[in-house]
Amino acid sequence: DDRPVGQTNQDINLKISTVENESNHDDIELRRQSSSPEQPQIIIALPQERQYADDQQQVLRIQKFILNPQEQSQDARSQRIVDLKKTELSSLKATVAQELLEVLQRANIYVQGERIDAGTKDFFARLAQAQEQLINEIYRNLDYISVVKQESDVVALFKDTNELVKTDENAQAVQAVLERINHEYSGHNKISYESILERFSKVPYGYREIDTKWLVAKLFVDAKLKVYVNGESLSIRVDSSANELAKYFLKRQYIDAVQMEPRQAISEQKKKDLRKVAKEAFGKESFSDTEDDTLMHELQDAVTHERDAVAVYANKDGFYPGHDVLQDGIDLMNKLLTQHDTDKFYDLISQKREDLLDWHEDMEEDGINEFYRSATQQKIWQDAHSQQNVFAHSKEFVTSPQVKDLIAQIDKIM
């Protein structure tokens, strides 16, 4: 009867029109109200019968009497009256409850401008029908969720891909989330995780929070989204367990910290640059698949192996050759290894392509790689260095031109 009970800003409301409502039997008005897009609601129009309403009014009057401080027991007679009223109240409440059940069976239900007539089905069956009809209309994208999810499903997304079977479950819902993120992304402002969770809980979606969390995590795993935690790019390549990665999508304390933006397609030229650097500078000619993240991660594995080997060379004594070239290579490779953002990694590869290829060329053409891989050459170098030291400490006693000429040749090489 237009007197709100509870919150009134819900996506769906239930309105009960009693005999006290003047528009109770105005079929056209009830159809109009039930079809309002601004206030989606189900209307229950109770029959124009007064008994249940009169009895309910009596219940309210007795309750008021009992709760009135002035009517509290002052003496035995007053207490007997109150006790009688309490007994009457209990009986009357049971009567009203039964009367309401009976009038509900005779009530018409209005939804989406349609009337579900009394007598066609049990009241509660008709109410369930109306709820389903209204939900299907308001949450028209709810059926995009074909498989409901739970927290373990989010964790499973981050397990070893060899253990997973790729699926198109909830494909329409995944696409809907991606389209919403693309629509909201302005090119520089990241989208908050919290705003996506809130948006998809409302009309026309009505998704459970855990389902939306799974959808966002799925987009991230499928390399459709870039995700940031407290401003730092999140990478699946980081040495973390499935539970460790999933917590950023599941735990309440991270919701405010997580932001996202759509992943941009990597250009074919940048992919060519990566493959060229991988093959010519690091000897990697093949990859397990063609996904952007896979190419980056597998190249970083090759770079790590090369960097570690070069670091061993660079740690040798300073009289060994090529230390400046070795350090240049270490610096270049460290830049590649500290970049976990896929898009920025491809940018960096393209920017440093010539530097990386030139460095590799210097390592090969100057014989630095060959030297450090040859124990024989290193032994010869050590012996020559020892001879230099011996000469340096005794050169004032050396008179032989042949010895001086030999040391001069050694100095020239080293």
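The model is predicted, so to speak of local features we require pLDDT of at least 70, and side-chain atom pairs count only at pLDDT 80 or more, while totals for chains, interfaces and linings use all residues. Residues are numbered from 1 along each chain as its sequence is written, and side-chain values use heavy atoms, with hydrogens and water left out.

Glu209 has its place in helix H8, residues 209–221. Helices here are DSSP runs of H or I with at least four residues, strands are runs of E with at least two, and both are numbered from the N terminus. Leaving aside neighbours within four places in sequence, Glu209 is in contact with Leu197 and Arg252, where contact means heavy atoms within 4.5 Å.

Turning to the whole protein, the secondary structure comes to 16 helices and eight strands. Of the 414 residues, 39% are buried. Among contacts with a separation of 6 or more, 65% are between residues 24 or more positions apart.

Now to the sheet. Four strands form an open sheet in the order S1-S2-S3-S4, with mixed pairing; two strands pair if DSSP finds at least two bridges between them. S1 and S4 (114–116) stand at the edges with a single partner strand each, so one side of each has no neighbour in the sheet. Neighbouring strands are turned by 25° against each other on average, direction ignored. S1 (residues 13–17) and S2 (residues 41–45) run parallel and are joined by five bridges, with Asn13 opposite Gln41. S2 and S3 (residues 108–111) run antiparallel, joined by four bridges, and Tyr110 is the bridge partner of Ile43.

Which residues of S1 form its covered face? They are Asn13, Lys15 and Ser17, whereas Leu14 and Ile16 make up the uncovered one.

Helix H1 (residues 27–34) lies across S1, S2, S3 and S4, at about 155° to S2. Such angles run from 0 to 180 degrees between N-to-C directions, with axes fitted to C-alpha atoms, for helices over the stretch in contact.

Helix H4 (residues 123–138) has buried residues Phe123, Arg126, Leu127, Ala130, Leu134 and Ile138. They cover an arc of only 100° around the axis, which puts them on the same side of H4; the arc is that of the directions from the helix axis to the C-beta atoms. An α-helix has 3.6 residues a turn, so residues three or four places apart point the same way. What covers the buried residues of H4 includes S1, S2, S3, S4 and helix H3 (76–105).

Is Asp292 buried or exposed? Asp292 is buried, at a relative accessible area of 16%. Beyond its neighbours within four places in sequence, the contacts of Asp292 are Arg263, Ile266, Lys271, Thr342 and Tyr346. With Lys271, the side chain of Asp292 makes a polar contact of 3.3 Å, that is, a pair of N or O atoms within 3.5 Å, one able to donate a hydrogen and the other to accept it, with residues adjacent in sequence counting only if both atoms are side-chain atoms.

Note on methods
Buried < 20%, exposed > 50% of the residue type's maximum accessible area, 1.4 Å probe, protein only.
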